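Trainee: I would like to learn how the words used for a protein model follow from its numbers. Could we go through one together?
Mentor: Gladly; here it is.

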Amino acid sequence: DHPRKSHRPFAAGKIPITHGILLAALLMSGAFLVSLLLPWRFVGILSIYVACTLGYSLLLKRKAPKGSG
């Protein structure tokens, strides 16, 4: 266990992981809906950003070489 991270709500079990996943999906959906009020270029950039962030969080950071920093 990490001394500081283990006290965070998800790590400590105070908030179920499923609540975090549902909230993240709700917030991303809301952001996308609000972005539809903006120019289409913004929607495209937001989509690229979300794809890159999800790609990093779910896949790429596990494939990065260790000890390179």
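Trainee: Where does R4 lie?
Mentor: R4 lies in the segment before α1 (9–12). Helices here are DSSP runs of H or I with at least four residues, strands are runs of E with at least two, and both are numbered from the N terminus. This is a predicted model, so local features need pLDDT of at least 70 and side-chain atom pairs count only at pLDDT 80 or more, while totals for chains, interfaces and linings use all residues. Residues are numbered from 1 along each chain as its sequence is written, and side-chain values use heavy atoms, with hydrogens and water left out.

Trainee: What makes R4 exposed?
Mentor: Exposed means over 50% relative accessible area, buried means under 20%, and partly exposed is in between, with a 1.4 Å probe and protein chains only. R4 has a relative accessible area of 66%, so R4 is exposed.

Trainee: Why is S35 called buried?
Mentor: Its relative accessibility is 1%, so S35 counts as buried. S35 belongs to helix α2, residues 17–35.

Trainee: What is S35 in contact with, leaving aside its neighbours within four places in sequence?
Mentor: S35 is in contact with F42, V43 and L46; contact means heavy atoms within 4.5 Å.

Trainee: Why is L33 described as exposed?
Mentor: L33 also lies in helix α2. The relative accessible area of L33 is 55%, so L33 is exposed. L33 and V43 are 10 residues apart along the chain, and their C-alpha atoms are separated by 9.4 Å.

Trainee: Why is M28 called partly exposed?
Mentor: M28 has a relative accessible area of 40%, so M28 is partly exposed. This residue lies in helix α2. From M28 to K63 the C-alpha atoms are 25 Å apart in space.

Trainee: Which residues form the nonpolar patch on the surface with M28?
Mentor: L54, Y56, L58, L59 and L60 form it with M28, and together they have about 600 Å² of accessible area. Patches are made of residues with over 30% relative accessible area and no salt bridge; like charges are joined within 9 Å, and nonpolar side chains (Val, Leu, Ile, Met, Phe, Trp, Tyr) within 5 Å. A salt bridge is a side-chain nitrogen of Lys or Arg within 4 Å of a carboxyl oxygen of Asp or Glu. Helix α3 (residues 40–63) gives the largest share of the patch, five residues.

Trainee: What makes L58 exposed?
Mentor: L58, in helix α3, has a relative accessible area of 63%, so L58 is exposed.

Trainee: How many helices and strands does the protein have?
Mentor: There are three helices and zero strands, and from the N terminus on the elements run α-α-α.

Terms used: Areas by Shrake-Rupley, 256 points an atom, 1.4 Å probe, with all protein chains shown as cover.
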